[in-house]
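User: I am new to this structure. Please take a close look at the nonpolar core and tell me what builds it.

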Amino acid sequence: MAMSNRERIGRGMDLLADGLGPFVDERMIAAAPAGQDWVEMLQARSPGKYGRDRQYSKSDPLFLLRVITEEWRVFRDQLSRAEQGFASELWAIRNRWAHYDKPFSNDDTYRALDTMERLLAPTAASRDRKSTRLNS
């Protein structure tokens, strides 16, 4: 049976989280105060910001997109403003996918998957540059 567009987007979100996770983690570790876990730091801010405690996971695409969008200064040397905009767009797509049981058109699905690829490209390039330096 052929995969539906909703399933394609769901699979894309899984792959997006796999690709973004190490990139976001590396940048946030570097930005966090020494010895402080950045996920716990954001979790501690959550009640004041959102009115309740939230549980965060480095494998959750929404969390990773939220981090890129809300902590944009951490990523400004690696992601252009347009690329950061991709994170905002994908946040909206993820919410539509998760909260509304409406089908995605072929065009919307293509756009979502293309945007995922465009956001992942600079994160992979960043990892490639780092591994090249480590192997030199």
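Analyst: From the N terminus on, the elements of the protein chain run α-α-α-α-α-α. That comes to 6 helices and 0 strands. The model is a predicted one. The chain has 136 residues, and 39% of them count as buried. Among contacts between residues at least 6 apart in sequence, 67% join residues at least 24 apart. The chain exposes about 8,300 Å², and carbon and sulfur atoms supply 50% of that area.

Now the core itself. The largest nonpolar core holds 32 residues. Leu16, Leu20, Val24, Trp38 and Leu119 touch the most other members. The elements that give two or more residues to this core are α1 (5–31), α2 (38–50), α3 (61–70), α5 (81–99) and α6 (106–135). α1 gives the most, with 8 residues.

Start with α1. This helix has 27 residues. From its first C-alpha to its last, α1 reaches 37 Å, close to the 39 Å expected at 1.5 Å a residue. α1 also bends, by about 35° at Leu20. A proline, Pro22, follows within four residues of that bend. Leu20 is also among the core members with the most partners in the core.

Leu16 is another of those members. Leaving aside residues up to four places away in sequence, Leu16 touches Leu65, Leu90, Met116, Leu119 and Leu120. Of these partners, Leu119 is itself among the core members that touch the most others.

Next comes α3. This helix is mostly covered, with 8 of its 10 residues buried. The buried ones are Pro61, Leu62, Phe63, Leu64, Leu65, Arg66, Val67 and Ile68. Leu65, then, is buried and in contact with Leu16. The N-terminal end of α3 is capped by Asp60. A side-chain oxygen of Asp60 lies 3.0 Å from the backbone nitrogen of Leu62.

Last, a residue in α6. Thr115 lies in this helix. Thr115 counts as buried because its relative accessibility is 3%, and the cut-off for buried is under 20%. The side chain of Thr115 reaches the backbone oxygen of Arg111 at 2.8 Å. Not counting residues up to four places away in sequence, Thr115 touches Phe86, Glu89 and Leu90.

Key. Residues numbered from 1 in each chain as written. Predicted model: local features only at pLDDT ≥ 70, side-chain atom pairs only at ≥ 80, totals over all residues. Heavy atoms only, no water. Core = buried A, V, L, I, M, F, W, Y, C linked by side-chain atoms within 4.5 Å. Buried < 20%, exposed > 50% of the residue type's maximum accessible area, 1.4 Å probe, protein only. Contact = heavy atoms within 4.5 Å. Expected span 1.5 Å × (residues − 1). Bend = angle between axes of the 7 residues up to and from the residue. Polar contact = N/O pair within 3.5 Å; in protein donor to acceptor, adjacent residues only side chain to side chain. Areas by Shrake-Rupley, 256 points an atom, 1.4 Å probe, with all protein chains shown as cover.
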